[in-house]
Amino acid sequence: MTPTLTLYGAPYSVYVRIVRLVLLEKNIDYRLETVDIFKPDKAVETYRSIHPFAKIPAINVDGFVLYETGAIVRYLDEIFPEPPLMPDTARERANVNRILSIIDNYAYPSMVWGIYVALREQGESACESDAFNKHCERAETVFCVLDTALEGKAPYLGGHRLSLADLHAVPVLDYFLQTATGQKMVAHHPNVQNWWERIKTQHRFDGILSEGAD
Ligand SMILES: N[C@@H](CCC(=O)N[C@@H](CS)C(=O)NCC(=O)O)C(=O)O
């Protein structure tokens with residue numbers, strides 16, 4: 001029997017989008033229970049009993065509650081094995097895990113918060129701060145690493161087929177590439193640029209990426 005799945009979060013969230021992209025790829029039905037973490041109210045306080053750090057997303061699968069996106073997507077890939085979103089060899093899987101960590105630790109903080117959000121909130125004046133420049137350096141390093149991962153014949157970040165690495169990166173890049181800074185930067189990384197064009201046309205991401213992006 002197909003498990004009953006609830007996803008807690010808000011459609012604008014990068015991390016909620018990552019989980020939604022995985023569920024979409026696997027064609028799994030779920031209920032999205034809205035928790036808008038940036039509008040603290042009673043629902044958010046109640047949500048702390050699910051996620052002690054009050055971040056989104058979390059999932060409930062037949063009563064099994066799980067939070068932390070990396071754990072969620074790996075779990076979903078195990079219980080819904082088709083199509084597999086981890087490669088076949090240990091080395092390839094290690095690389096996918098490396099890319100997930102890079103996205104979490106370097107790409108998301110710099111590309112989304114340090115650059116996209118800073119530009120939205122402060123406009124062009126954001127570019128004048130040292131912090132902004134540091135985030136740009138970080139973002140540049142992320143692009144160099146992703147570009148190398150895509151060298152040779154690999155059409156995807158994890159190798160010859162779509163994997164969790166691609167689905168972790170897509171929502172982060174979707175925000176970053178809405179900025180002129182992101183567009184300028186990606187133009188110097190043709191492998192990333194080609195991957196981005198390809199993945200956006202070949203996969204059905206649109207509803208999830210644009211929906212709720214206020
Ligand atoms: N380590 C968490 C990070 C999730 C995360 O940062 N989610 C953001 C939204 S995209 C959030 O809940 N932010 C609220 C906050 O930082 O207060 C995970 O992997 O799930």
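Q: Hi! How far is the Lys 55 side chain from the ligand's oxygen atom?
A: An N or O atom in the side chain of Lys 55 is 2.7 Å from an oxygen atom of the ligand. That is a polar contact, meaning a pair of N or O atoms within 3.5 Å. Keep in mind that this is a predicted model, where local features need pLDDT of at least 70 and side-chain atom pairs count only at pLDDT 80 or more, while totals for chains, interfaces and linings use all residues. Residues are numbered from 1 along each chain as its sequence is written, and side-chain values use heavy atoms, with hydrogens and water left out.

Q: Nice. And what about Glu 68 and Thr 69?
A: The side chain of Glu 68 has an N or O atom 2.8 Å from a nitrogen atom of the ligand. For Thr 69, a polar side-chain atom lies 2.8 Å from an oxygen atom of the ligand.

Q: How much of the ligand does the protein cover?
A: The protein covers 79% of the 510 Å² of accessible area that the ligand has on its own, by the Shrake-Rupley method with a 1.4 Å probe.

Q: Switching topic, where is Asp 62?
A: Asp 62 is in the loop between β3 (58–61) and β4 (64–67); strands are DSSP runs (E, at least two residues), numbered from the N terminus.

Q: Buried or exposed?
A: Asp 62 is exposed, at a relative accessible area of 57%; exposed means over 50% (1.4 Å probe, protein chains only).

Note on methods:
A polar contact is a pair of N or O atoms within 3.5 Å; within protein, one must be able to donate a hydrogen and the other to accept it, and residues adjacent in sequence count only if both atoms are side-chain atoms. Helices (H or I, at least four residues) and strands (E, at least two) are DSSP runs, numbered from the N terminus. Buried means under 20% relative accessible area, exposed over 50%, partly exposed in between (1.4 Å probe, protein chains only).
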